[in-house]
Amino acid sequence: MPGLLLRTLRGENLSERPIWLMRQAGRYLPEYRALRADKGSFLALVYDSDAAAEITLQPIRRFGFDGAILFSDILIVPHAMGQDLQFLEGEGPSLSPRLIDASLESLSAVPERLTPIYETVAKVKAGLGSGRTLLGFAGSPWTVATYMVAGKGSRDQHETRALAYRDPAGFQAIIDAITGVTIDYLAGQIAAGAEAVQLFDSWAGSLAPAEFERWVIAPNAAIVASLHKRFPELPVIGFPKGAGEKLPAYAGETCVDAVGLDETIDPAWAARALPEGLPVQGNLDPLLLLSGGTELERQALHILDCLAGRPHVFNLGHGIGQHTPVEHVEQLLAVIRGWRG
Ligand code: CP3
């Protein structure tokens with residue numbers, strides 16, 4: 001019997017709401033910090049499939065979330081496409097050569113870098129109890145491209161946006177290459193046992209409307225179409241962070257099976273504006289989970305009530321912060337588990 005999360009993503013409006021949290025495995029958990037100290041680096045953890053499977057399962061054991069999300073990173077795709085990847089302490093990711101200086105053709109692909117990720121998926125699947133759903137993921141081509149072009153994270157993605165205006169054909173080739181690898185990568189995760197997948201588009205909000213159509217909607221629509229053809233039953237969650245009023249167009253044109261809402265979206269608006277019956281996921285502000293208290297409970301209940309009319313997966317509006325107390329996660333879980341639609 002599929003669990004609450006998979007049933008909700010397939011369109012059932014259940015009176016009990018499933019919950020998982022973006023970045024639920026990570027630095028706010030003491031058991032993660034211990035394993036990370038032992039293995040030395042984030043990337044060493046990701047490429048050690050035993051360690052990565054263990055980390056994926058840590059928050060499930062502790063909190064009993066309805067979904068386990070593969071422990072990995074969206075930047076494994078550029079690594080497999082041939083860029084060097086490092087996570088610098090306190091600075092975030094660094095990729096080289098940057099596509100602002102180097103051509104796509106100068107990269108030589110290293111597809112073996114994806115193999116340990118599939119092994120992690122298979123190991124998690126074997127260790128996950130019934131009734132819980134295993135989520136795979138990838139970054140969306142636009143967000144991944146912003147890192148590949150600039151070689152690092154950036155506040156407003158201006159180098160990549162400027163490149164896309166200056167050389168749309170060249171940038172299209174980058175997006176197409178990422179799209180192709182992403183389809184194969186997600187298909188590999190599904191073959192290894194992922195039961196749903198999420199496309200993280202963290203920087204979707206920086207694009208003007210026509211560019212949003214071309215660089216966010218079009219490649220995501222291509223990924224969804226290809227996955228639906230190969231795996232008709234498998235739900236795809238799209239999370240275009242910052243998309244705001246472009247969400248209805250995103251949902252309608254990409255044909256994702258569920259839409260992730262960030263914390264800037266009014267859930268009452270989303271309930272009205274998105275296609276009827278479309279499952280949604282979100283959207284508590286991660287800072288409320290950090291601060292806790294009665295405001296956390298009040299706003300979590302408000303989100304649940306606003307979205308009662310359609311299938312809803314409870315989640316945050318973005319990843320959990322590293323200083324979040326675990327007691328606040330327990331407090332949130334009690335609220336979600338006590339609610340009935
Ligand atoms: O949600 C999950 O628990 C699954 C694992 C996951 C990670 N990153 C683990 C991680 C997922 C889904 C991601 C996605 C990701 N990675 C995104 C999209 C979502 C978002 O947060 O906007 C982006 C933009 C990245 C790129 C990335 N990875 C950055 C910018 C950083 C450094 C910033 C930071 O928080 O340290 C990472 C590192 C990273 N990815 C960590 C984790 C747990 C921290 C690793 C550590 O230092 O131990």
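This is a predicted model: local features need pLDDT of at least 70, side-chain atom pairs count only at pLDDT 80 or more; totals for chains, interfaces and linings use all residues.
**Entry 1: strand 6**

I started with strand 6, residues 236-240. I checked its cover and found that five of its five residues are buried. Next I asked which way the residues point. Val 236, Gly 238 and Pro 240 point one way. Ile 237 and Phe 239 point the other way. I noted the general rule: side chains in a regular strand alternate between the two faces of the sheet.

**Entry 2: its neighbours**

I then looked for the strands that pair with strand 6. Strand 5, residues 196-201, runs parallel to strand 6, and five bridges join the two. Here Phe 200 stands opposite Phe 239. Strand 7, residues 258-260, also pairs with strand 6 in the parallel sense, over two bridges.

I traced the chain between these strands. From strand 5, I followed helix 10 (residues 209-230) to strand 6, and this makes a right-handed β-α-β unit. From strand 6, I followed helix 11 (residues 247-254) to strand 7, and this makes a right-handed β-α-β unit too.

**Entry 3: the ligand**

I moved on to the ligand. A side-chain N or O atom of Arg 27 is 2.8 Å from a ligand oxygen. Asp 73 has a polar side-chain atom 2.7 Å from a ligand nitrogen. For Ser 202, a polar side-chain atom lies 2.5 Å from a ligand oxygen. I also checked how covered the ligand is. Alone it exposes 870 Å², and the protein buries 87% of that.

**Entry 4: salt bridges**

How many salt bridges does a search of the whole structure find? I got nine. I looked at some of them one by one.

Arg 7 and Glu 12 meet through their side chains at 2.9 Å, N to O. Glu 12 has a relative accessible area of 34%, so I call Glu 12 partly exposed. Lys 39 and Asp 48 also form a salt bridge, at 2.9 Å, N to O. Lys 39 is partly exposed, at 35%.

Arg 298 forms a salt bridge with Glu 295, with the closest N and O atoms 2.8 Å apart. Where do Arg 298 and Glu 295 sit? Both are in helix 14 (residues 293-306), three residues apart, so about one helical turn separates them. Arg 298 is partly exposed at 49% relative accessibility, and Glu 295 is partly exposed at 31%. Last, I noted that shared partners join the salt bridges of Arg 98, Asp 101 and Glu 159 into one network.

Terms used. Residues are numbered from 1 along each chain as its sequence is written. Side-chain values use heavy atoms; hydrogens and water are left out. Buried means under 20% relative accessible area, exposed over 50%, partly exposed in between (1.4 Å probe, protein chains only). Helices (H or I, at least four residues) and strands (E, at least two) are DSSP runs, numbered from the N terminus. Two strands pair if DSSP finds at least two bridges between them. A crossover is right-handed if, with the strands pointing away from the viewer, the path from the first strand over the helix to the second runs clockwise. A polar contact is a pair of N or O atoms within 3.5 Å; within protein, one must be able to donate a hydrogen and the other to accept it, and residues adjacent in sequence count only if both atoms are side-chain atoms. Accessible areas come from the Shrake-Rupley method with a 1.4 Å probe; for residues, only the protein chains shown count as cover. A salt bridge is a side-chain nitrogen of Lys or Arg within 4 Å of a carboxyl oxygen of Asp or Glu.
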